[in-house]
Amino acid sequence: MKTKEVIKTARELAKPFRVTKGKNFRLKDIDPDDTLDFTKEEHKSTAKEALATGVMALAELQDKLYAQDKWAVLLIFQAMDAAGKDGAIKHVMSGINPQGCQVYSFKSPSAEDLDHDYLWRCMKCLPNRGHIGIFNRSYYEEVLVVRVHPEFLAKAKLPPKLIGKSIWQERYEDISNFEQYLGRNGIIVRKFFLHVSKKEQKQRFLGRIEDPLKNWKFSSNDASERDYWDDYMKAYEEMIQETATKYAPWYVVPANNKWFTRVVVALAVIDALASLDLAYPKVDESKLKELAAAKKKLLS
Ligand code: ATP
Ligand code: MG
């Protein structure tokens, strides 16, 4: 497949999962088991092929992004534990030039982080022009885990007067404004919620507990967070409703089948890059003369 065709296919296949207007979004409308037309039997070869073709197209687009050095792309990944964030990031980015890509993981905030506004630690990690930046978790935790566990809000050192009923609404607004600001500065934002079911998460946790090579991936905190599953789903749904925009869409990606998740993420990233006017910088007259002179010297 030519890159042009890949781009067209990418746009079509990623579309059902893209949310640009949240008003009518309902999480229950996205089935974590969905795999579109890829049937289970043929998935291995078809998905592998799609991913390989996608990764190649992605590499080509990234090369232009880097050479042009004007736009930047910020990819945000949010999900419940074991939904496959790490694997999706690893596979999708496998073909791209590491020089043009930065990945940051945001865990519980440090004392220094808490001494600042909540966007601070993320702002420091925004991608340079020409680069793809990946946030493994992000400032969205501030309307997710912090909402589900209000004790985190208490730790945030905010003036108590500023913690009112409308705090979540204010955060959605501030985040959307921030993302619009980024867009207007040439940093385009794409956000992924990997949507795994509670049942599938249980299976993956059991897998991590039973396989010695995966034990390191499991923490007992992961299991206790399951008790808050419904609260998290509510928080995710509202977050998507309130922060899905044209300039920073959410992709709600079915995540019960890892191979499918990876294909959708790759296609969405291709679509994002293809939406930019990427091109290799044009060489001007004086540069051409310079090149001709260098060639002459090398050949003499
Ligand atoms: P993995 O488990 O795959 O290694 P992870 O992203 O879950 O990756 P962990 O170290 O397990 O990494 O967890 C990070 C934890 O930090 C998550 O539980 C997340 O909710 C929490 N966290 C992230 N940002 C914040 C925040 N702003 N306030 C409070 N907790 C946060
Ligand atoms: Mg974890």
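Which residues in helix 1 meet which residues in helix 12? Select Val6, Ile7, Ala10, Arg11, Leu13 and Ala14 in helix 1, then Leu267, Ala268, Ile270, Asp271 and Ala274 in helix 12: these meet, contact being heavy atoms within 4.5 Å.

Before going on, note that this is a predicted model, in which local features need pLDDT of at least 70 and side-chain atom pairs count only at pLDDT 80 or more, while totals for chains, interfaces and linings use all residues. Residues are numbered from 1 along each chain as its sequence is written, chains are lettered from A and ligands numbered from 1 in the order in which they are written, and side-chain values use heavy atoms, with hydrogens and water left out.

**Stop 1: helix 1 and helix 12**

Show helix 1 (residues 3–14) with helix 12; their axes are 8 Å apart and the packing angle is about 120°. Helices (H or I, at least four residues) are DSSP runs, numbered from the N terminus. Axes are lines fitted to C-alpha atoms over the stretch in contact, and angles run from 0 to 180 degrees between N-to-C directions. The angle makes helix 1 oblique to helix 12; angles under 35 degrees count as roughly parallel, over 145 as roughly antiparallel, 65 to 115 as roughly perpendicular and the rest as oblique. The crossing is left-handed, a term used if the near helix is turned anticlockwise from the far one by less than a right angle, with right-handed used if clockwise. Colour the contact by class: 9 residues are nonpolar, none polar and 2 charged. Ala, Val, Leu, Ile, Met, Phe, Trp, Tyr, Cys and Pro count as nonpolar, Asp, Glu, Lys and Arg as charged, and the others, Gly among them, as polar.

**Stop 2: helix 3 and helix 12**

Select Gly87, Ala88, His91 and Val92 in helix 3; they meet Arg262, Val265, Ala266 and Val269 in helix 12. The contact has 5 nonpolar, 2 polar and 1 charged residues.

**Stop 3: helix 8 and helix 11**

Move to helix 8 and helix 11, whose axes come within 9 Å and cross at roughly 50°. That makes helix 8 oblique to helix 11, and the crossing is right-handed. On helix 8, pick Gln169, Tyr172, Ile175, Ser176 and Glu179; on helix 11, Ala235, Glu238, Met239, Glu242 and Thr243 complete the contact. By class these divide into 4 nonpolar, 3 polar and 3 charged.

**Stop 4: the largest pocket**

The largest pocket has a volume of about 1200 Å³. A pocket is an open set of points on a 1 Å grid over the protein atoms alone, where a 1.4 Å probe fits, with protein on both sides within 12 Å along at least five of seven lines; lining residues have an atom within 4 Å of a point. Grid points are joined across faces, edges and corners, and a volume is the space filled by probe spheres set on the points. Centre the view on Asp81, Ala82, Lys85, Arg137 and Asp222, the closest to the pocket's centre of 42 lining residues. Elements giving two or more residues to the lining include helix 3 (85–92), helix 11 (229–243) and helix 12 (258–274). The lining has 14 nonpolar, 10 polar and 18 charged residues.

**Stop 5: the second largest pocket**

This pocket holds about 350 Å³ of space. Select Leu114, His116, Tyr118, Glu142 and Ala156, which lie nearest its centre among 20 lining residues. Helix 7 gives the largest share of the lining, 3 residues.
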